[in-house]
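Visitor: Could you walk me through how the helices and strands of this model are arranged?

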Amino acid sequence: MPDLTAARQLMVESQLRTRGISDARVLDAMLHVPRDQFVPAAYRAQAYEDHPLPIGDSQTISQPYIVAVMLESLQLQPSDRVLEVGTGSGYATALLAELAAEVFSIERHPALAENAREVFTRLGYKNVQVFTGDGSLGLPASGPFDAILVSAAAAGLPPALIAQLNESGRMIIPVGTGDSQQLQFVRMVNGSPMITARELVRFVPLVSGNSDV
Ligand code: SAH
């Protein structure tokens, strides 16, 4: 097994800092969270490489750089309450837990949700709650949120998520289908969403409704 702490430091320098990630809190969180604990054992040695990895149920843990871009865009404050849609491995959830006060994360695959809960318990994260369900509807009972991070691609901006942003809320979400997806950054200004198009990306689809798991 390679030295994973050294691999993590190298990831932060060569994949994040040199590509323009500069938010000290984001860089610190990514130096701290053991990404190797969020990937299946067979992929642990590759945990700090510059690409997504399979996590089961045909899903993937996102490339570290893209996670950093999304986190940096949200300009999280230590007092923020955050919603994450698409817990997956729980890696981005743990980073959010380092950067914000409270994290509500929703995942449609019960097995992935359960696995993530176990990792959070093992690593001692107490400010995270994982729900199983359709995250395109958000979590109306727990909102509104200061920030929302969506890590599966939506066909369009889900109205329920916009409705759960507080008056200065921010959301980062991949929008589009197949090969044609782009991150959209949404900021609420006087009750209206202001949208900025950002990086081209490739995420698994946000599956809404009652499609088979
Ligand atoms: N941030 C995660 C990304 C996982 S991939 C990580 O780095 O591990 C996206 C996840 O979104 C998958 O686990 C998928 O099951 C989940 N997903 C897709 N549609 C969803 C929906 N409507 N509600 C909740 N989760 C959803």
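Visitor: Across which strands does H3 lie, and at about what angle does H3 run to E9?

Guide: The model is a predicted one, and in this model H3 lies across E6, strand E7 (165-177), strand E8 (180-189) and E9.

Visitor: What is the order of the strands in the open sheet, and which strands stand at its edges?

Guide: The open sheet has seven strands with mixed pairing, in the order E5-E4-E3-E6-E7-E8-E9. Neighbouring strands of this sheet are turned against each other by 15° on average, direction ignored. One side of each edge strand is left without a neighbour in the sheet, because each has a single partner strand, and these edge strands are E5 and E9 (192-201).

Visitor: How are H1 and H3 oriented to each other, and which residues make the contact?

Guide: The axes of helix H1 (residues 4-16) and helix H3 (residues 64-73) come within 10 Å and cross at roughly 75°, and the two helices are therefore roughly perpendicular to each other. The residues of this contact divide into five nonpolar, one polar and no charged. The contact is made by Met11, Gln15 and Leu16 of H1 and by Pro64, Tyr65 and Ala68 of H3.

Notes: Residues are numbered from 1 along each chain as its sequence is written. This is a predicted model: local features need pLDDT of at least 70, side-chain atom pairs count only at pLDDT 80 or more; totals for chains, interfaces and linings use all residues. Side-chain values use heavy atoms; hydrogens and water are left out. Axes are lines fitted to C-alpha atoms, for helices over the stretch in contact, and angles run from 0 to 180 degrees between N-to-C directions. Helices (H or I, at least four residues) and strands (E, at least two) are DSSP runs, numbered from the N terminus. Angles under 35 degrees count as roughly parallel, over 145 as roughly antiparallel, 65 to 115 as roughly perpendicular and the rest as oblique. Contact means heavy atoms within 4.5 Å. Ala, Val, Leu, Ile, Met, Phe, Trp, Tyr, Cys and Pro count as nonpolar, Asp, Glu, Lys and Arg as charged, and the others, Gly among them, as polar. Two strands pair if DSSP finds at least two bridges between them.
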